[in-house]
Amino acid sequence: MRKDDLILVSVDDHICEPATMFDAHVPDRYRDRAPRVVVREDGVQQWMYGNARGRDLGLNAVAGKPPEMFNIDASRYDEMRPGCYDVHERVRDMSAGGQLAGLNFPNFTGFSGQVLWQGPDRTVNEVMIRAYNDWHADEWCGAYPDRFIPCGILPLYDVEHAVAELRRLAAKGVHAVTFSENPEALQLPSIHTRYWDPLFAAACDEGTVLCLHVGSSSRRAPSSSDAPASVNMTLSSTMSTFSLVELIWADLWERFPDLRFSLTEGDIGWIPYFLWRAEHVQRRHSGWTKATFPDGLSGPADVFRKHMLCCFISDAVGVDLLHHFNTDNVCWESDYPHSDSSWPHAPEELETLFADLPDELVDRITHGNAMRHYQFDPFATRPRERCTVAALRAEAQDVDTVTHVGRRADDRDLASWSRLTTARPAPPTAS
């Protein structure tokens, strides 16, 4: 597979939401309670929801910056690439990196939307969650439907309300939602209760994937309080390990044979070991653990292979171990604009990484699996020959992939930075 012929669909990218995102989607009577970007005394632009701080405005938004800046969160819109918050510039950046499409996770809300659904007034929370989802589906993804897989957030504090929003989103063509890698860590019932059964049933009915993004439980792997920074960076996949192991032993697969979870941004090279370990536990310890599996599932490893998607950026160990996977469930991710991302050089890296794989398998990992699982068909509006790395890069030859951080804008410039997200005329659509 030559790099120029690859078709790349990422199942994990991120948005640094524009300050104007709620303007067109919050009813007038709730407008004064909508999340907003404020300018702090130190000049930092900060998302606030009532008195609650959102996540950092430009959490690890370092695309195009040198490695020595990878640990510096952009604190203003002018400290990151416009492609982080402007959909038209995002598409140009994607094309410059040879990437056809991506599934974008939220940022300031937390990866499972927890900032919005942990507000004190549940009625207002749901207004804002619906507003976020409508902006995401209709404005961000709707601007270029052949370039984005929409992903919604749910009011997880009330499972019936979460079901209603999942179904509303499915009617809009959204078949991915963020869940949490560990709901109990967010003071919600664990997956081992039956509290979530209505949501799991709705996800099966609608063909919706529940995405478990690393960090979506607002916690990180336990390590020493004074551990060097490299420790936590190395352990970043650990939360996905906990999620996988809890899911493969969960008592829910007989009730929900069509349920699918996605382990997002956790890489894959570690997975075969834990599948072996789980099978060993079943062989040696099932006499007292009493773990059983429904017809059609031979054991814990089979649960993973049938019910869980996984993804990687450039995990060479995982590629070497692909014979341990159901490769119909393995996907590629870019992680733009974060520091682990291979943007804009993913095609060059993947050409080397996939050198020994058959083209048919490369096609499944790079785009086919994502398209099938998320019910996404860019070829319906964009000819396949215009979806390759070479074709996309030809459309974006003028994109400067080096990020040039400009002057620190005056506090009064927030409105002008916000207008960048809506006032710029859209370039011609790709279809």
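Predicted model: local features only at pLDDT ≥ 70, side-chain atom pairs only at ≥ 80, totals over all residues.
## Sheet and packed helix

Three strands form an open sheet in the order β1-β5-β6, and their pairing is parallel. At the edges are β1 (8–14) and β6 (148–149), each of which pairs on one side only. Strand β5 (residues 99–105) runs parallel to β6 and is joined to β6 by 2 bridges. Helix α1 (residues 87–96) packs on this sheet and touches β1, β5 and β6. The direction of helix α1 makes about 130° with that of β5.

The whole structure contains 26 salt bridges. One of them pairs E348 with K3, with the closest N and O atoms 3.9 Å apart. E348 belongs to helix α11 (residues 346–353) and K3 to the segment before β1, so this pair ties together parts that are 345 residues apart in sequence. E348 is partly exposed at 29% relative accessible area, and K3 is also partly exposed, at 22%.

## Salt bridges within helices

In helix α1, R92 and E89 are 3 residues apart, about one helical turn, and their side chains meet in a salt bridge of 3.4 Å, N to O. R92 is partly exposed, with a relative accessible area of 25%.

Helix α9 (residues 300–307) holds D302 and K306, 4 residues apart. Their salt bridge has its closest N and O atoms at 3.5 Å. D302 is buried, with a relative accessible area of 15%, whereas K306 is partly exposed at 45%.

Notes:
Residues numbered from 1 in each chain as written. Heavy atoms only, no water. Pairing = 2+ DSSP bridges. Contact = heavy atoms within 4.5 Å. Axes fitted to C-alpha atoms, helices over the stretch in contact; angles between N-to-C directions. Salt bridge = Lys/Arg side-chain N within 4 Å of Asp/Glu carboxyl O. Buried < 20%, exposed > 50% of the residue type's maximum accessible area, 1.4 Å probe, protein only.
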